[in-house]
Amino acid sequence: MTADPIPAIREEEAVGDTAEIFADLRATLGLPFVNLIWRHLATVPGALQAVWPAVRPLYLTAELAARSAGIGAGARPGGVEPVPREAWSALGVDEVARRDVAGLVDAYNRANSTNFLVFTTIDVLVRGGRGPGGRARTGNGDTAPVAVPVAAPAAAFPPLPPMDALSPDLQALVLACDELGRLGASAAHASLYRHLALWPPFLATAYVALSPLHRSGALQAAQRDLIEVARSAVVDELVPLLPQGRLAVDDDVRARIGPVVEEFATIMIGRMVVAGAVMRALLPDPDDHAAG
């Protein structure tokens with residue numbers, strides 16, 4: 001298998017305005033990587049160039065940041081407890097590894113929570129939007145547009161490994177994790193599980209923790225709740241913030257990106273918001289050195 005399960009522009013291969021938008025995405029989100037869905041949109045001529053400017057104003061708003069944080073905090077099903085430090089150590093996941101994994105999961109969770117709302121917004125816009133709003137607000141009552149603040153430098157993480165670089169057992173584990181909590185079929189696979197394959201004991205423990213939540217339907221129920229909350233927030237709060245409540249693309253581009261945007265908004269990203277919250281909860285707070 002190649003590095004990406006669906007057609008996507010690799011960051012190191014991006015050129016021209018695609019490379020510029022990728023750089024803007026990294027800077028705006030404060031992340032060291034560009035998520036798969038953005039890289040996939042770059043394969044559709046004109047799509048990335050239309051979609052990113054249309055939703056970029058949301059990143060100026062306090063509303064998106066607040067909603068993203070709230071969605072992430074409320075996504076975890078009940079009954080998930082941290083694995084004790086001594087158990088992680090026995091598995092070979094020492095304190096340095098735990099900090100690295102926690103940082104990686106936090107970065108993905110931050111990106112996924114934001115992208116979940118943004119792509120739900122794009123899905124609404126692709127379907128016709130809800131009329132233009134005013135100028136993007138900064139959250140302090142000022143309606144004048146402002147520059148996106150420069151994000152803090154993102155932490156450096158090991159590169160995302162290609163699937164064919166993993167052992168057969170790890171490939172099988174990544175794919176097994178990726179089936180958990182799905183609300184429908186998709187050719188796409190979540191990058192987080194593949195990235196976590198760099199720490200096999202953690203990924204195996206995550207599978208053990210997520211599996212019963214999948215079998216009980218708790219992962220699926222949490223995702224359905226998330227979708228309902230997000231769509232209501234997008235229609236009522238986020239779309240009205242956009243200078244234009246529509247997506248300026250021709251019918252061909254709209255037809256090509258519509259299904260994949262809907263797929264990511266309803267099947268892929270919300271699932272990983274929930275799963276990411278569960279995986280993060282398995283790790284003790286890296287700044288808390290208390291026993292247990």
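Predicted model: local features only at pLDDT ≥ 70, side-chain atom pairs only at ≥ 80, totals over all residues.
A salt bridge is here a side-chain nitrogen of Lys or Arg within 4 Å of a carboxyl oxygen of Asp or Glu.

Arg 10 takes part in a salt bridge with Glu 12. The closest N and O atoms of Arg 10 and Glu 12 lie 2.6 Å apart. Arg 10 also meets Glu 13 in a salt bridge, with an N to O distance of 3.8 Å. That value falls within the 4 Å limit, so the pair of Glu 13 and Arg 10 counts. Relative accessibility was computed for each of these residues. Arg 10 is partly exposed, at 38%. Glu 13 is likewise classed as partly exposed, at 49%. Glu 12 has a relative accessibility of 56% and therefore counts as exposed, the cut-off for that class being over 50%.

A further salt bridge pairs Arg 127 with Glu 262. Here the closest N and O atoms are 3.0 Å apart. This pair links distant parts of the chain, its members being 135 residues apart. Arg 127 sits in the loop between α6 (95-126) and α7, whereas Glu 262 belongs to helix α11. Arg 127 counts as exposed, because its relative accessibility is 54%. Glu 262, with a relative accessible area of 34%, is partly exposed. Arg 127 and Glu 262 also belong to one network with Asp 123 and Arg 231, joined by salt bridges that share partners.

Helix α7 spans residues 168-178. Its buried residues are Leu 170, Gln 171, Leu 173, Val 174, Cys 177 and Asp 178. These residues cover an arc of only 160° around the axis, so they lie on the same side of α7. Pro 168 and Asp 169 are exposed, on the other side of the helix.

Terms used. Residues numbered from 1 in each chain as written. Heavy atoms only, no water. Buried < 20%, exposed > 50% of the residue type's maximum accessible area, 1.4 Å probe, protein only. Helix = DSSP H or I, 4+ residues; strand = E, 2+ residues; numbered from the N terminus. Arc of directions from axis to C-beta.
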